Amino acid sequence: MLGEAERRDVTTAVRYTLEELADHAPGNSVEVRVPPSGAVQAVAGPRHTRGTPPNVVETDPDTWLALVTGAVTWADAVADGRVRASGERSDISHLLPLTAVRRAASGAGGEPEPPVVSG
């Protein structure tokens with residue numbers, strides 16, 4: 001059983017990485033749910049406004065963190081039933097791990113350039 005401090009750390013990590021996903025793939029066509037830690041809408045495309053969204057990804061916190069860090073692949077997590085993805089736009093494998101999104105956004109194959117700090 002997780003201790004309270006570790007549970008808070010996992011929840012914080014999940015929420016942060018969900019926000020990162022939404023920042024790198026803004027939109028409202030896919031809802032990514034990681035109960036009980038959080039949920040986010042991401043990926044450009046048709047927006048849903050009421051009821052259950054047509055494109056939903058749901059997983060547990062441990063699997064989500066494994067996906068965003070590259071410790072497990074999307075295909076393996078889906079095949080094992082650790083990720084439930086429904087809807088034609090719910091395959092977010094191209095966005096995972098999150099480092100792959102950062103490399104693509106930077107336009108390079110390596111790590112993105114560090115931020116410039118004025119001072």
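Of the contacts (heavy atoms within 4.5 Å) in the protein between residues at least 6 apart in sequence, 51% join residues at least 24 apart. The model is a predicted one, in which local features need pLDDT of at least 70 and side-chain atom pairs count only at pLDDT 80 or more, while totals for chains, interfaces and linings use all residues. Residues are numbered from 1 along each chain as its sequence is written, and side-chain values use heavy atoms, with hydrogens and water left out.

Four helices and four strands make up the secondary structure; these are DSSP runs numbered from the N terminus, with H or I over at least four residues for helices and E over at least two for strands. Their order from the N terminus is α-β-β-β-α-α-β-α. The protein has 119 residues, and 34% of them are buried, where buried is under 20% relative accessible area, exposed is over 50% and partly exposed lies in between (1.4 Å probe, protein chains only). The accessible surface is about 7,200 Å², and carbon and sulfur atoms account for 52% of that surface. Accessible areas were computed by the Shrake-Rupley method with a 1.4 Å probe; for residues, only the protein chains shown count as cover.

The buried residues of α1 are Val10, Thr11, Val14, Thr17, Leu18, Glu20, Leu21 and Ala22. An α-helix has 3.6 residues a turn, so residues three or four places apart point the same way.

The axes of α1 and α2 (residues 61-69) come within 10 Å and cross at roughly 50 degrees. Axes are lines fitted to C-alpha atoms, for helices over the stretch in contact, and angles run from 0 to 180 degrees between N-to-C directions. The two helices α1 and α2 are therefore oblique to each other; angles under 35 degrees count as roughly parallel, over 145 as roughly antiparallel, 65 to 115 as roughly perpendicular and the rest as oblique. On the α1 side, Val10, Ala13, Val14, Thr17, Leu18 and Leu21 meet Pro61, Trp64, Leu65 and Val68 of α2.

Tryptophan 64, a residue of α2, is buried at a relative accessible area of 0%. Beyond neighbours within four places in sequence, tryptophan 64 is in contact with Val14, Thr17, Leu18, Leu21, Val32, Val34, Thr59, Ile92 and Leu96. Its C-alpha atom is 9.1 Å from that of arginine 82, 18 residues away along the chain.

Serine 90, in the loop between β4 (83-86) and α4 (98-106), is also buried, with a relative accessibility of 5%. Asn55, Val56, Val57, Trp74 and Ala85 are touched by serine 90 when residues up to four places away in sequence are not counted.

Most residues other than glycine have a negative phi, and most peptide bonds are trans. The bond from proline 35 to proline 36 is cis, with omega near 0 degrees, and proline 36 lies in the loop between β1 (30-34) and β2 (38-42). Leucine 96 and proline 97 are likewise joined by a cis peptide bond, with omega about -10 degrees. Valine 43 is not a glycine but has a positive phi of about 75 degrees; it occupies the loop between β2 and β3 (56-59) and is buried at 12% relative accessible area.
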